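Please look over the model that follows with the sequence beside it, and take the walk through it one step at a time.

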Amino acid sequence: MLQLSFQPYKLKKIIGLLFVVTILSAPAKSADLNNDLLDQQYQEFSKYFYYNAATQNAPIFDNFTTLIQAMQKRHNHQQKIDAVILITANLELIQHNVDSPAVLGVLTLLLEQNEWHSANELFNAIQRDSNKTIVSNARFALAKHYIKRDKWQRALEYLDGIAGDLTEDDSDYANLMQGVALQQLKKHRLAIDVYEKFSLTSNLHPFTTLNLAVAYIRQDWWTDAHIAIEKLLKQPDQNTSDELKNRLNVILGYSLMQQGYYRNARDSFRNVTLDSQYTNQALLGIALTAISQNNYVGALNAINILKSGQGNDLPSEEAY
């Protein structure tokens, strides 16, 4: 997720940043330790593999522009391993040209291929010898690398103080990542401060509103959450996709149900489209609110739809 301007196809990647509640447990922490160990072992293998490949048959360039063209050609032909071998063999030349914006594409490719050894060497050279704008964009790339790996604190370290050096869209995206990282670290008040600064005209406004509402709910400020969601749902916005509206309606419905507003909650659940990934959550919400209103026929209708769908998600299991 390193174009320097916001593109529509980024929306899928942005949706991956939408705050999801996680329950930290001993098995989860154990899995994290195993993942860290596997990643460390992979990095050792990666360093050995690329170093040996680079010293055996990779061409050596004396012109930076020609090198970038050769790397880009391999990348465009989906020869990413060959491109990384090329980078490894010519890393010294690249480090001597860290004042060129092209180094950001090199760093991005290394991070995408999880070749941390060369990426770290290049990043250190950028921090040492390049200008402030390129340094901030390189830190932005590192932050996205750590966000993908749920390394929230590390991501925050790289996001600190860089927004002013990025393009407007990337600056918004960096702030969105900062808010998500803070939420995942249970620092909801700080996340709220980040989200409340977003402009209404920002391409990311619908996504920050969703995360803001979740942060409000975590602080038990459910009235503020409801107002934020309902306001967004009433506003026509080309960046508010149907699926994002479905997600908003599900969050609003369960929050209303928790506060005892069962009729309003059912109306919110009913606004979820039938072909959504959130449909089963909405059906379960309809069943639970109907039961709370002693409308057992309505509850059974929703439950039977869930059971007949033969889904394997939690709402389908709970239907029984």
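With which side chain does that of Arg128 meet in a salt bridge? The partner of Arg128 is Asp129, with N and O 3.4 Å apart. The model is a predicted one, and the distances and areas given here are to be read accordingly. Asp129 lies in helix H7, which covers residues 116-129, and is partly exposed, because its relative accessible area of 46% falls between the limits of 20% for buried and 50% for exposed. Arg128, in contrast, counts as exposed, at 58% relative accessibility.

The salt bridges come to a count of four, and among them is a pair formed by Asp165 and Lys132, whose closest N and O atoms are 2.6 Å apart. This pair links distant parts of the chain, for Asp165 is in the loop between helices H9 and H10 whereas Lys132 is in helix H8 (residues 132-148), 33 residues apart. Asp165 is buried, because its relative accessible area is 19% and the limit for that class is under 20%, while Lys132 counts as exposed, at 56%.

A further salt bridge joins the side chains of Arg154 and Glu157, at 3.2 Å from N to O. These two residues are three apart in helix H9, and they are therefore separated by about one helical turn. Arg154 is partly exposed, with a relative accessible area of 33%, and Glu157 is likewise partly exposed, at 40%.

From the charged pairs we turn to a nonpolar part of the surface, where Tyr42, Phe45, Phe49 and Ile81 form a patch with about 370 Å² of accessible area together. Helix H2, residues 26-57, gives the most to this patch, with three residues, whereas Ile81 has its place in helix H4, residues 80-89. Ile81 is partly exposed, with a relative accessible area of 43%.

The helices seen so far belong to a protein chain that has 18 helices and zero strands. Of its 320 residues, 47% count as buried, and its accessible surface comes to about 17,100 Å², of which 50% belongs to carbon and sulfur atoms.

Definitions and conventions
Residues are numbered from 1 along each chain as its sequence is written. This is a predicted model: local features need pLDDT of at least 70, side-chain atom pairs count only at pLDDT 80 or more; totals for chains, interfaces and linings use all residues. Side-chain values use heavy atoms; hydrogens and water are left out. Patches are made of residues with over 30% relative accessible area and no salt bridge: like charges are joined within 9 Å, nonpolar side chains (Val, Leu, Ile, Met, Phe, Trp, Tyr) within 5 Å. Accessible areas come from the Shrake-Rupley method with a 1.4 Å probe; for residues, only the protein chains shown count as cover. Helices (H or I, at least four residues) and strands (E, at least two) are DSSP runs, numbered from the N terminus. Buried means under 20% relative accessible area, exposed over 50%, partly exposed in between (1.4 Å probe, protein chains only).
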